[in-house]
Structures are given as structure tokens and as C-alpha cells.
Amino acid sequence: MRIPPFERYYRYVRYSVVLLLGSVIGAAVYHSIFMNNFNTVAKLNGQLKEQLEQSGRDIYELQKLQKKHTVIKSIVPIIEDDEKPLNVLVETELKKRLKEDLSVFIGKSIYSIDENADMARTLLKNKLYAGIRGADYQVSIRTVLVVDNVLQVWVRATIYERPPA
């Protein structure tokens with residue numbers, strides 16, 4: 001039995017390998033573009049879910065406080081990031097947790113906010129929020145302002161690094 005000479009098929013093997021490598025490289029480029037778009041959509045989805053939750057809570061609270069004109073009706077936390085900006089999903093989760101902690105102010109008179117603001121400042125001074133996207137964050141209140149029945153709270157959030165044990 002004779003074996004055909006390999007030189008006859010060398011050109012076809014080379015073209016097949018080039019085609020295979022082109023397919024692999026094209027698939028890798030397509031996958032990277034797809035994942036970039038998917039991450040963008042996931043971040044946007046997180047932001048929109050947070051806005052939807054906030055809108056639902058605001059509607060519910062505003063319906064309860066519809067007849068009262070001198071009370072705090074909603075809370076807007078604003079996160080300052082001086083050093084390095086936080087991830088959008090981390091910032092959304094921090095805002096959600098801050099709103100939960102500060103929800104005791106909803107329905108309080110705007111004229112008596114100074115009595116409770118110091119208490120909130122001491123309670124949230126260097127407060128640790130653990131387990132947000134795999135990291136811990138330390139939050140401290142910088143400024144509290146009430147405008148048009150909206151309590152705006154500026155906070156500084158930094159990544160908390162646990163001391164060595």
C-alpha cells in the first residue's frame with residue numbers, strides 16, 4: 001500500500017489552519033465586543049432598577065404626606081468621590097442602604113431637622129457597609145441640607161481595608 005506524498009496537501013493544510021485561526025480570532029473579538037455591551041446594559045439595568053424602586057417609594061411616601069407641607073418627603077444621598085470614583089453598581093447599592101438608614105427622617109418636620117441631624121451624623125460617622133460587590137465601604141456624612149421637602153445628604157465613601165490580624 002502506498003502513502004500519497006504529503007507535499008500535495010501542504011497548501012490545503014496551510015489554508016485550513018489560516019481559516020481556523022481567523023475563526024478563533026474573530027470569535028474572540030466578537031466575544032469581547034459582546035461582553036462590553038453586556039456590561040454596559042447590566043450597569044444601566046442596575047441604575048434603572050434603583051430609579052424605579054426610588055420612584056415607587058417616593059410615590060407611596062408622597063401619598064401618605066400629601067396634605068403636610070412642612071415635612072421631609074424624600075431623601076437624596078449624594079456620594080462624593082474625591083480620590084477614585086466608585087463603580088456605578090457600588091454607588092447604587094450604597095445609596096440604597098443610606099436611604100434605608102436615613103428613612104427615619106421621612107415625615108419629620110423640616111423645622112426640627114437640626115435636633116436629629118446631629119444624631120444621624122454621629123450614627124453614620126465612619127459607618128461600615130460590608131459586602132457590597134465583594135468589598136467593604138466606610139461612609140461618613142459631610143453635609144445635610146433640606147430644600148423643598150427633600151433631605152439631601154452628602155457623604156464620603158471610601159474602601160475600608162481591614163487591619164491585619
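Me: Two strands count as paired if DSSP finds at least two bridges between them. Over how many bridges do E3 and E4 pair?

Reply: In general, the strands of a sheet pair through backbone hydrogen bonds, in a parallel or an antiparallel sense. The present structure is a predicted model. Here E3 and E4 are antiparallel and pair over ten bridges.

Me: How many residues stand between E3 and E4 in their hairpin, and which residue in the turn has a positive phi?

Reply: Two residues separate E3 from E4 in this hairpin, and Asp148 in the turn has a positive phi of about 50 degrees. The hairpin of E2 and E3 likewise has two residues between its strands, with Arg133 taking a positive phi near 55 degrees.

Me: In which sense do E2 and E3 run, and how many bridges join them?

Reply: E2 and strand E3 (residues 135–147) run antiparallel and are joined by four bridges. Within this pairing, Leu128 is placed opposite Gln138 in E3.

Me: Do E1 and E4 run parallel or antiparallel?

Reply: E1 and E4 run parallel, and seven bridges join them. Ser74 stands opposite Val150 in E4.

Me: What order do the strands of the sheet take?

Reply: The order is E1-E4-E3-E2, in an open sheet of four strands with mixed pairing. E1 and E2 are its edge strands, since each of them pairs on one side only. Direction ignored, neighbouring strands of this sheet are turned against each other by 35 degrees on average.

Me: Which strands does H2 lie across?

Reply: H2 lies across E1, E2, E3 and E4, and its direction is at about 130 degrees to E2.

Me: Turning to side chains, how many salt bridges does the structure hold?

Reply: The general idea is that side chains of opposite charge can pair when their charged atoms come close. This structure holds eight salt bridges. One of them connects Glu53 and Arg57, with the closest N and O atoms 3.5 Å apart. Both residues belong to helix H1 (residues 10–64), where they are four residues apart, about one turn of the helix.

Me: Which residues are linked with Glu53 in a network of salt bridges?

Reply: Arg57 and Lys96 are linked with Glu53 in such a network.

Me: Which parts of the chain does the pair of Arg156 and Glu80 tie together?

Reply: The side chains of Arg156 and Glu80 form a salt bridge with an N to O distance of 4.0 Å. Because Arg156 is in strand E4 (residues 150–159) and Glu80 in strand E1 (residues 74–80), the pair ties together parts that are 76 residues apart in sequence. Arg156 is partly exposed, at 24% relative accessibility, and Glu80 is partly exposed at 24% as well.

Me: Where do Asp101 and Lys127 lie?

Reply: Their side chains, those of Asp101 and Lys127, meet in a salt bridge of 2.9 Å, N to O. Asp101 is in helix H2 (residues 88–102) and Lys127 in strand E2 (residues 127–132), so this pair ties together parts 26 residues apart in sequence. Asp101 is partly exposed at 29% relative accessibility, and Lys127 is partly exposed at 26%.

Terms used: Residues are numbered from 1 along each chain as its sequence is written. This is a predicted model: local features need pLDDT of at least 70, side-chain atom pairs count only at pLDDT 80 or more; totals for chains, interfaces and linings use all residues. Side-chain values use heavy atoms; hydrogens and water are left out. Buried means under 20% relative accessible area, exposed over 50%, partly exposed in between (1.4 Å probe, protein chains only). Axes are lines fitted to C-alpha atoms, for helices over the stretch in contact, and angles run from 0 to 180 degrees between N-to-C directions. Contact means heavy atoms within 4.5 Å.
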